[in-house]
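Thank you all for coming. I would like to walk you through one structure, beginning with the chain as a whole and then turning to a single residue.

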Amino acid sequence: MSIRSQSEFRKLREIGRIVRKALDAMAAAVRPGMTTAELDRIGALVLREHGAESAPPRVYGFPAAVCISVNDEAIHGIPSSRTLRDGDLVKLDLVAEKDGFFADAALTVRVGEVSKAADALVRCSETAFRSAASAARAGNRVHEIGRSVEREVRRCGFSVMRDLCGHGVGRTIHEEPTVANYYDARHRTRLTEGLVITIEPIIAAGAGRAELQKDKWSVRTADRSLSAHYEHTVVITKSEPILVTAA
């Protein structure tokens with residue numbers, strides 16, 4: 001989707017603001033002893049209070065409001081009675097809809113005191129996002145985003161999970177273009193002013209190979225190494241992109 005009016009921009013901004021509120025409420029509640037199902041209920045409540053709806057259950061039949069993944073789970077973890085423990089990394093990934101507009105964001109939260117390696121992995125996912133955002137300008141090709149992510153992740157000594165990527169968003173959850181987290185010369189789509197995409201480094205401490213689990217939703221690192229995920233919905237401009245899911 002591309003933004004074509006101030007009215008569309010306001011609606012996208014509104015759902016982006018709500019997604020941010022829900023993520024912030026969940027992140028603030030994270031502590032040892034909390035279950036992922038309890039976190040999911042917090043996110044769902046914030047959405048209801050603001051007249052928004054979680055998109056994955058409606059569009060894909062996902063069995064919860066929020067994708068919550070822990071440690072070696074990279075994406076699409078199903079909330080459950082699993083209890084968070086000191087040292088865990090928990091990824092909160094939320095796509096929501098209001099008035100026909102969708103926004104998508106994710107962050108990785110440290111549970112209590114984490115190891116230096118885990119902390120470095122989380123920091124790298126965030127710096128990789130910032131590097132990619134600087135390349136996300138109208139006129140550049142989409143593969144420049146992937147080049148920037150991969151360069152930063154390698155500099156940090158980690159790996160991109162190449163099977164997992166960003167995407168267009170706005171009128172539904174997943175739209176064109178694909179936004180890979182690595183350089184692929186075939187991804188030659190030019191970024192245009194007003195285009196709405198997600199930028200979302202999904203990275204691993206190990207080799208970065210992804211493995212779909214028996215539940216057919218959650219994806220883990222094949223070598224069971226830690227993973228981190230950081231994401232915003234952005235609107236492309238001629239300069240820095242607008243982060244509609246930022247605080």
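**The chain and one buried aspartate**

The chain exposes about 10,500 Å², and carbon and sulfur atoms supply 48% of that area. Please keep in mind, as we go on, that what you see is a predicted model.

As for its secondary structure, the chain comes to five helices and 15 strands. Its radius of gyration is 17 Å, close to the 18 Å that the globule rule gives for 247 residues, so the chain is as compact as a globular protein of that length. Along the principal axes, the C-alpha trace spans about 45 × 40 × 30 Å.

Of the 247 residues in the chain, 56% are buried. If we take the contacts between residues at least 6 apart in sequence, 69% of them join residues at least 24 apart. Turning to charge, there are 36 positive and 32 negative side chains, and the centres of these two sets lie 3 Å apart.

Is Asp72 buried or exposed? Its relative accessibility is 10%, and because buried means under 20%, Asp72 counts as buried.

What does Asp72 touch, once residues up to four places away in sequence are not counted? The answer is Val219, Arg220, Thr221, Arg224, Ser225, Leu226 and Ser227. With one of these, Arg220, the side chain of Asp72 is joined by a polar contact of 2.7 Å between the two side chains.

Key: Residues are numbered from 1 along each chain as its sequence is written. This is a predicted model: local features need pLDDT of at least 70, side-chain atom pairs count only at pLDDT 80 or more; totals for chains, interfaces and linings use all residues. Side-chain values use heavy atoms; hydrogens and water are left out. Buried means under 20% relative accessible area, exposed over 50%, partly exposed in between (1.4 Å probe, protein chains only). A polar contact is a pair of N or O atoms within 3.5 Å; within protein, one must be able to donate a hydrogen and the other to accept it, and residues adjacent in sequence count only if both atoms are side-chain atoms. Contact means heavy atoms within 4.5 Å. Helices (H or I, at least four residues) and strands (E, at least two) are DSSP runs, numbered from the N terminus. The radius of gyration is taken over C-alpha atoms; the globule rule is 2.2 Å times the number of residues to the power 0.38. Accessible areas come from the Shrake-Rupley method with a 1.4 Å probe; for residues, only the protein chains shown count as cover. Lys and Arg count as positive and Asp and Glu as negative; His and the chain ends are not counted. The place of a charge is taken as NZ of Lys, CZ of Arg, CG of Asp or CD of Glu.
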